Structures are given as structure tokens and as C-alpha cells.
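Hello,

Please find the structure below. My notes on it follow.

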Amino acid sequence: MAAASTASRPRASKAESFVDNKRKEDIRSANINAGRAVADAIRTSLGPKGMDKMISTASGEVIITNDGATILNKMDVLQPAAKMMVELSKSQDSAAGDGTTTVVVLAGALLRVCQSLLASGIHPTVISDALHKSCAKSVDILTAMAVPVELTDRDSLVKSASTSLNSKVVSQYSTLLAPLAVDAVLSVIDPEKPEIVDLRDIKIVKKLGGTVDDTHTVNGLVFDKKVSHAAGGPTRMENAKIAVIQFQISPPKTDIEQSIVVSDYTQMDRILKEERNYILGMIKKIKATGCNVLLIQKSILRDAVTDLSLHYLAKAKIMVIKDVERDEIEFVTKTLNCLPIANIEHFRAEKLGHADLVEEASLGDGKILKITGIKDMGRTTSVLVRGSNQLVLDEAERSLHDALCVVRCLVSKRFLIAGGGAPEIELSRQLGAWAKVLHGMEGFCVKSFAEALEVIPYTLAENAGLNPIAIVTELRNKHAQGEINSGINVRKGQITNILEENVVQPLLVSTSAITLATECVRMILKIDDIVTVR
């Protein structure tokens, strides 16, 4: 009987196989939810009226900021897709410097529409290809909207730097920091490579005390340290001949850990005499070149200077600044137009830098060292940032970095576009019209991409306490009438021509944000399984 029932059952085809799609959907859904959760966490900090985040680290450090890259960098994120959002913000920070919150909010909105498209039964590859096409089209639309800008037009550069600073904690100081950032970047542009600005040529020195109003540029070098005057050496030097040395003026140590046992006083005197002669020999060689200021690199192997060497250097009227950080050496030598000296035998007069004045100055409750009047100074600049407390000081530095990056974007890609949600609404309108021309699922996906872009003006209005639905509807209406520069004026709480209000941003910030957000979403979309390797 059993054999008969087996025979009557139809034989399964070899090509048929059971595929469990449920797990793939669950993994994709989990990744999208994790990405959206990260985007929602920092969405409230978007725009000039955005909120700030207080971050408390495990070490007890407190940071107050609304810079997207900083917030995400300090967040303890475990889920792999959520980590991709953190990396996305870092990528935007290195590519454009500004728009680190925008890029994550945009990616979160794209993930939301992708979730609804997947629920409609559209394949992830189809959605991914449509996103790629939409992104390419968006960049073309933005480029067509952009207004060319020249580096000689200082006002336009200052306006774009001010827009970047308006959303920061230190926004009230934008009238000071924006021109300062513009002048700093323009001063380090190399005429041979006018498209490239290396922000490592701009050194930001933070000093507690005073207010942000006291921030200024220094045409020379500034060190947040004082002169070594343990032995009564000079603290001011005119007509300075400066050497940057990478060796130590102290007795040599053996390569291995060992102890020397001295049995009587004569041996002890002999050791001290040898040490004295060794140090004196070095100082004589230094003095012979005419050097009168020493910048000594920080050493982890042994003391850079000892009390004995400081005593002899003070007698020789040589000013000593010790513990110069290893990563500062390149900036210092470029500014002074000198060469670092790695060995006493290579000490030559032609390797020295020359300056009119090296002096120690009192500032706040501490001291700083200034080197001014540098001969043949390299294309670098120093900015001394002040602040009443450490939180303001750190945020002023982060804000100034963003402003410097904005000006750098304009140097490399000399186009400006309006801010205030104007480009996003215009993109949404034009992509929506383009979607009607396309056929099938592709047009449906492009229309969803267009709708996702409205998250930026919607969030700007929401964070400013306005009615987001009414504002975005009015904004869409204005753009439909051809007013492509209409945006949300959060100060007046209404729609105005945002270009005339001087709310502008570099084209590179917007194109980079859309491109990077789309790339990240496409990658998350194509993940259908997580494999853990132990």
C-alpha cells in the first residue's frame, strides 16, 4: 500500500529547489532600520536652528557639538550597517569638510523609500540601478544651477564660509571667523598649483582664556608652550637664527636596559666630567654656526635636554624650546624655510631659519611662544583660537575647520549654489518630471528618490519650529513657478530668495553629499546576508 502511494505521487523536478527568502528580507530590513536609526539620531542637529548634542565619553570627557562627523565619530555603534553611516559622514568630512549631517540625513531618507520599494516587490538590483541614474542626473541638475565664482571675489567666499558657520554653536562669531578662514586659505594657495589647498599648511593653536572674539591669525609661528628657562636662559631673541633639531642634548644612553655600579668618587667624577665634555662639545658646535634659538623635537627615548645642558645653553645665550611634537616638524620647517637637523655632525649655518623676533608672551593664565618676521617664509599661516572654556574652544576649532574646508571646496571647484533647501527642492521637482518620461519600475524608483530629497527642507523647517508641511508645499510651488533660488529663511520663518540673503554653499558640498549618500544606500541595499567569521 505504501509503495502504491509513493508511485502515485508526482516526481519532483531536479531543477526545483527551496530558497528561503525570508532570511534575506530580515537581514536587509535590519540593516536599513539600523541605518535609519543613526540618521534619526542626528537629524535634529541639521541647519542653523538645529539642536546640539552633549556627548559624554567613557573617560568622563564632555563634548557639546552639532557637527555630524564629530557626533557620529564619538557614538558607540556596533551594527555593521550603522557603522557604514559613520564612515559615510567621515567620507563627506574628508571630501568636502561641510555637510556631514546632511549626508547622513539624506542617506536615512533614501533608506526609508528603499524599504517601501522593497515592500512593493521591486528587486534590490532594479532599485540600485535607478538610484545610480538618479544620482548622476542630480549632479547634472546641480551643476546647471550653480553660479561661477572667482577667488578675487572675496565677498562671495566670505558668504559661503558664513553659511557654514551659521549652524554651529559659535554662529554669533561668524562675522569674525568667516573672513579669517577665507584669508587663511587664500594665503596658503600655491600659484603653481592653484586648484589644490593643503589644510595642513594652516595650523590652529588653541589657548584657553579670553573669548572667541580674541581669535586672530599670526603671520609666523605660534607654540602653545613656553621657553625653557630653568637655568635662566633668554626668553626673547631679536635677529634669531633658528635650528630645528631632532637629536637630544643630553648624555647618550645604552641600547639595552642596564645599571652602572660606581665604586668610588674618582670614577663618579670621571663620568660627570665626560658628560660635561660631551654636552659642551655639542653646544660649541651649535654656537659656532651662529644659532641662538633651538627648537628640539620631543623624544621618547631619553630626555631632550638635562639641567646641565640647559645651564650651558643659557651661558651661551641660546634660547631653548623643547618638546616640539613630531608631527609639527614638517609645518615648522616649511614655515621657517629651514631643514631639520638629525645629527650634531650635520649642523650647518645654511640649515638655519631666520626671524626678526622670537619672544614669549603672556596670554590668559599661561604663556605662548611667537616667532614673527620670518625671512623667506613658506606659504603657511597660524591661527590662534581663544575661548572662555574648553567646550567652546573645541567647538570653535571644529567650526573653523569646517569654514576652511568650505573655502577649500571653492578653490578646487569654483561654483556656488543657494542653500536653505533650495537645491534639494529643485532636484526633487526636476527628477519628478524626468520620472514621468521613464518607463516601468525605473520611473517609479526615480520618483521615490525625488521624494526622499525633500527631507532636507522638511527637516530645516521642522528644526526651526515652522510648519514643515506648509513650508515645503509653498517652496515646491515657488520652484514650480521658476524661482529656483527660493529657499527657507529660518530667521524670518518664511520663503525668500536665498541667494539674495547670502545663504550660499559650494557646489562640491551638495554634489559630494548626494553622491556619497547614494553609494552608501546602494551598498546597504545589496547586502542580503551577514556572515560572522570567528
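In which helix is the place of Cys 135? Cys 135 sits in helix H6, residues 124-145; helices (H or I, at least four residues) and strands (E, at least two) are DSSP runs, numbered from the N terminus.

Some ground rules come next. This is a predicted model, in which local features need pLDDT of at least 70 and side-chain atom pairs count only at pLDDT 80 or more, while totals for chains, interfaces and linings use all residues. Residues are numbered from 1 along each chain as its sequence is written, and side-chain values use heavy atoms, with hydrogens and water left out.

The whole chain

The protein chain has 17 helices and 17 strands. Its radius of gyration is 31 Å, well over the 24 Å that the globule rule gives for 534 residues, so the chain is more spread out than a compact globule. That radius is taken over C-alpha atoms, and the rule is 2.2 Å times the number of residues to the power 0.38. Along the principal axes, the C-alpha atoms fill a box of roughly 110 × 80 × 45 Å. Of the 534 residues, 49% count as buried (buried means under 20% relative accessible area, exposed over 50%, partly exposed in between, with a 1.4 Å probe and protein chains only).

Cys 135 counts as buried because its relative accessibility is 8%. Leaving aside neighbours within four places in sequence, Cys 135 is in contact (heavy atoms within 4.5 Å) with Phe 449, Ile 514, Thr 515 and Thr 518. Cys 135 and Ile 514 are 379 residues apart in sequence, yet their C-alpha atoms are 6.7 Å apart in space.

Ile 514 is also among the residues with the most contacts inside the largest nonpolar core, which has 64 residues. A nonpolar core is a set of buried Ala, Val, Leu, Ile, Met, Phe, Trp, Tyr and Cys residues joined through side-chain atoms within 4.5 Å. Helix H5 (residues 100-119) gives the largest share of this core, 11 residues. A second, separate core of 34 residues includes Ala 161, Ala 178, Val 212 and Leu 416.

Most residues other than glycine have a negative phi. Asn 239, in strand S7 (residues 236-245), has a positive phi near 50°. Asn 239 counts as exposed, at 59% relative accessibility. Asp 323 has a positive phi of about 60° and lies in strand S9 (residues 319-324). At 30% relative accessibility, Asp 323 counts as partly exposed.

Regards
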